[in-house]
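Me: Please walk me through this structure in short questions and answers.

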Amino acid sequence: MYNHKEIEKKWQNYWEENKTFKTKNNSEKPKYYTLDMFPFPSGAGLHVGHPEWMTANDIVARYKNAKWYNVLHPMWWDAFWLPAENYAIKTWTHPKITTKENIDNFRKQIKALWFSYDWDREVDTTDPKYYKWTQWIFLKLFEKGLAYEQDLPINYCPSCKTGLANEEVLNNFTCERCHSKVEKKQIRQWVLAITKYADRLEKDVDKLDWPEGIKDMQKNWIGRSEGCEFEMKVCTKDSESSSEWQWIGYIRVYTTRIDTVFGMTYAVLAPDHKSVMDFITPEQKDDCLSYIDEANKKSDQDRTQDDKEKTWVFTGSYVINPFNWEKVPLWIWDYVLGNYGTWAVMAVPAHDERDFEFAKKYGLEIKQSIWSEIYYHEDEEIWKKAKLHDSWYYIYVNTPYTKKGFLVDSWAFDSLSSEEAKIKLVEFAEKEWFWTKKVNYKLRDWLFSRQRYWWEPIPLIHIKNSDFEKLPREKSENAWIKDSDILMIWDKEFSKVYDGIYGKIVCDYRLPLELPEVEDFAPAWDGQSPLAKVDSFVNVKLADNLSWKRETNTMPQWWGSCWYYLRYMDNENDEVLVNPEVEKYWWQVDSYVWWAEHAVLHLLYARFWHKFLYDIWVVTYDEPFYRLRNQGLILAHAYQKNDWWLIANDLVEEKDGKYFEISSWQEVNKIVSKMSKSLKNVINPDDIVEEYGADSLRLYEMYMAEFKDSAPWDTKGIIWVRRFIEKSERLFTVEAKVSSEEDLFTMKLLHKTIKKVEEDIENYKFNTAISSLMILVNNWLPKDKETQKEWRKSFLVILNPFAPHLAEELWERMNKEKVGSISTEEWPLYDEAMTIDDTITIGVQVLGKLRWTIEINKDEDKDVVLEKAKKNEDVKKWLEWKEIVKEIYVPWKIVNIVVK
């Protein structure tokens with residue numbers, strides 16, 4: 001009986017004591033850097049979804065190690081995060097305490113599965129030795145003008161009197177804690193200018209070995225488009241009865257379809273447009289102010305949902321289309337965001353679905369300016385004639401036409417194609433001086449700062465303009481200014497002085513700037529960070545003649561995870577972020593496993609930072625992750641009521657094959673759903689390891705589906721892989737079975753399996769690799785004793801990546817006097833000739849159709865194969881009473897007999 005508890009504990013102790021998986025930076029071997037997605041160490045601990053990606057990369061790491069690579073396979077903890085702080089606020093327990101407890105628990109659980117991590121490279125983002133370099137990167141961004149201040153809105157709960165992260169705001173825009181309506185509150189924030197890297201981020205993703213869907217998501221998020229931006233005057237009448245129009249300002253709009261500009265029948269502003277109040281007429285003021293107030297209470301996500309009820313309000317003003325001088329009404333629409341683009345949109349309802357919906361609802365004009373050459377409809381009543389290129393064509397006018405075509409009702413540009421019109425319209429607009437060619441992006445600069453405690457402090461210092469002006473401009477024993485913008489303390493340079501939006505800013509290079517110990521973790525009542533309440537942190541006296549205030553906003557959770565892969569390379573270095581020689585050796589991450597849900601934000605931010613570090617010569621390559629693979633979700637059973645609500649598993653009882661809610665005895669449906677603590681359908685890996693063993697868990701998670709696909713968890717399935725483990729163990733006992741096949745067949749199967757497993761690991765097809773191993777074991781051993789030794793050795797080396805505890809134990813039993821681990825063994829070479837069968841099956845075609853298949857020897861010549869085909873009973877009946885015109889044999893593929 002295989003005793004997994006005893007065996008797994010034995011080898012885990014051995015690996016830890018001998019540092020079996022310790023990685024050197026100065027190896028002569030080629031390197032291979034495989035990286036797992038980091039876990040957030042929560043109090044809930046691991047569930048069975050976590051080991052899925054860890055096991056996958058561990059298989060790759062052990063395989064590459066056997067292929068004689070120097071493998072870097074590390075683990076870290078992304079431990080600054082919102083739940084830890086919220087728990088601290090709720091329990092008044094310092095987040096440092098709970099975070100350490102959570103990390104210790106996660107580490108214990110992971111070591112029970114024992115992945116081949118080099119634990120000496122372990123990284124924790126809350127360690128000041130780590131975030132010292134996080135802060136250093138920020139200062140470099142700030143020095144280059146890529147980090148800047150801006151007054152921006154935050155989610156603010158007036159009841160809790162605190163700022164909220166997006167995760168704390170419910171779908172109805174209420175506070176998760178108290179359910180009060182959340183407001184938008186302007187506050188000074190830090191922003192990163194990621195848009196300056198937008199072109200490179202969009203272009204360079206094509207050179208990466210990533211899933212095409214992830215590449216598309218990155219490109220769509222960046223949203224690069226080439227178009228034009230032009231200016232439109234805003235005008236209104238002195239009164240409704242007046243015939244005189246008064247110019248009151250202008251707006252700018254951006255479009256990629258300038259060929260539709262003559263179809264513009266209205267324009268739209270964001271409620272938070274900087275000049276919106278200037279364009280509201282007295283008659284419309286009450287309606288507009290009410291609408292703007294409601295819009296400010298909504299999140300950006302809520303405002304831009306496609307399925308929400310659309311609402312608008314008229315400003316009372318009009319804009320002038322500079323291409324035809326027509327006046328069109330100016331509306332306010334909350335779908336347009338005040339922190340994106342020009343904050344205004346030109347509307348062409350005949351050629352845009354959202355504009356069309358708006359116009360239909362409010363009875364606005366829909367004017368066709370692009371018509372297709374071919375556009376038919378059965379109902380002649382709704383056809384309209386248009387003359388294009390001296391021919392008659394028809395168009396259905398009750399649906400927006402969003403494709404390119406030919407211009408109509410477009411002044412001097414009639415009959416031009418969309419492409420021709422763009423050129424001519426550009427020439428016209430440039431001549432009239434109201435046009436600007438522009439590349440635009442959906443990507444916005446990264447709102448970086450947070451008003452929280454349990455995140456990295458920002459090492460900047462604010463000085464009042466008046467205090468700065470008082471500082472001497474000559475050498476002093478206190479603080480003084482050199483060359484107009486260098487802050488000196490006696491004879492040492494402290495920092496260059498930068499302009500902020502409310503004063504001067506200097507960098508504090510005395511890193512790390514550590515978080516102060518506090519008892520009150522709640523944000524300040526005005527929405528500021530908890531650090532703003534810590535006088536000893538905020539108020540710092542650098543010299544007798546200079547007092548300052550530290551920055552109290554903190555960095556976001558994503559910051560530490562943007563560069564952690566670099567710190568693994570050289571995690572104990574206190575002098576530089578990473579030693580240049582070490583970085584040059586490890587270079588890119590060769591294989592990265594990451595959730596598809598984070599395909600945009602984390603990966604985009606990390607790529608942005610890495611390109612910046614490349615620009616300042618910290619790294620020698622411009623992309624961090626060469627190869628990326630996504631894993632599917634491990635799902636679980638849940639129960640759903642008729643009203644679609646899901647209920648917890650412990651509230652359901654089974655009877656006669658049906659499922660009922662215990663409280664109401666209402667029948668419910670058993671479905672497959674994502675694991676959730678609230679549904680009580682989360683599987684704890686500790687329980688599986690205890691009952692079946694770590695190797696069983698590893699094998700099952702890789703066998704249940706292809707790695708990229710989601711699959712439901714079924715504990716019964718572990719029994720199958722457990723039986724495989726027990727069969728494998730029996731092959732190394734005196735009672736081991738031998739195959740009924742000839743040894744040549746058995747050894748050929750071994751070589752085929754080596755090749756198959758190797759190819760499948762390279763392609764993350766672990767399920768089929770395990771299936772191949774199962775087929776190999778079910779064939780049992782070769783008969784010859786010496787051949788058995790070769791078979792067993794090769795089998796254990798290719799088994800090791802999947803079931804390392806079992807492989808180590810059987811390796812020791814086979815080599816009684818061996819020293820060391822199976823991890824030092826090289827991957828077995830397969831003989832290509834041994835992977836090719838002597839006989840193959842090919843098809844036989846008669847009259848162009850496949851009639852049967854025949855088995856042939858690979859070395860048989862054409863005449864023998866053709867004779868065998870013609871003598872086959874199932875083929876002969878198709879040849880009777882027919883004359884054979886031609887016989888074709890494509891070697892090893894098909895026989896084709898042409899008859900008449």
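Here come the ground rules, then the questions.

This is a predicted model: local features need pLDDT of at least 70, side-chain atom pairs count only at pLDDT 80 or more, and totals for chains, interfaces and linings use all residues. Residues are numbered from 1 along each chain as its sequence is written, and side-chain values use heavy atoms, leaving out hydrogens and water.

Me: What is the volume of the largest cavity?
Reply: A cavity is a set of points on a 1 Å grid over the protein atoms alone, where a 1.4 Å probe fits but cannot get out. Points join across faces, edges and corners, and the volume is the space filled by probe spheres set on them. The whole structure has one cavity of 30 Å³ or more. The volume of the largest is about 50 Å³.

Me: How many nonpolar, polar and charged residues line the largest cavity?
Reply: Lining residues have an atom within 4 Å of a point. Among them are Glu 52, Leu 633, Met 702 and Asp 709. Ala, Val, Leu, Ile, Met, Phe, Trp, Tyr, Cys and Pro count as nonpolar, Asp, Glu, Lys and Arg as charged, and the others, Gly among them, as polar. The lining has seven nonpolar, no polar and four charged residues.

Me: Which residues touch the most other members of the largest nonpolar core?
Reply: Such a core is a set of buried (under 20% relative accessible area, 1.4 Å probe, protein chains only) Ala, Val, Leu, Ile, Met, Phe, Trp, Tyr and Cys residues joined through side-chain atoms within 4.5 Å. Beyond four places in sequence, Phe 138 has contacts (heavy atoms within 4.5 Å) that include Trp 190, Phe 448 and Trp 559. Of the 173 residues in the core, those touching the most other members are Phe 138 and Trp 446.

Me: Is Trp 490 buried, partly exposed or exposed?
Reply: Trp 490 is in the loop between β22 (486-489) and β23 (492-499); strands are DSSP runs of E, at least two residues, numbered from the N terminus. Its phi is near 60°, a positive value in a residue other than glycine. Exposed needs over 50% relative accessible area, and partly exposed lies between that and buried. At 40%, Trp 490 is partly exposed.

Technical notes:
1 Å grid on protein atoms, 1.4 Å probe; cavity = no way out; pocket = protein on both sides within 12 Å on 5 of 7 lines; lining within 4 Å. Helix = DSSP H or I, 4+ residues; strand = E, 2+ residues; numbered from the N terminus.
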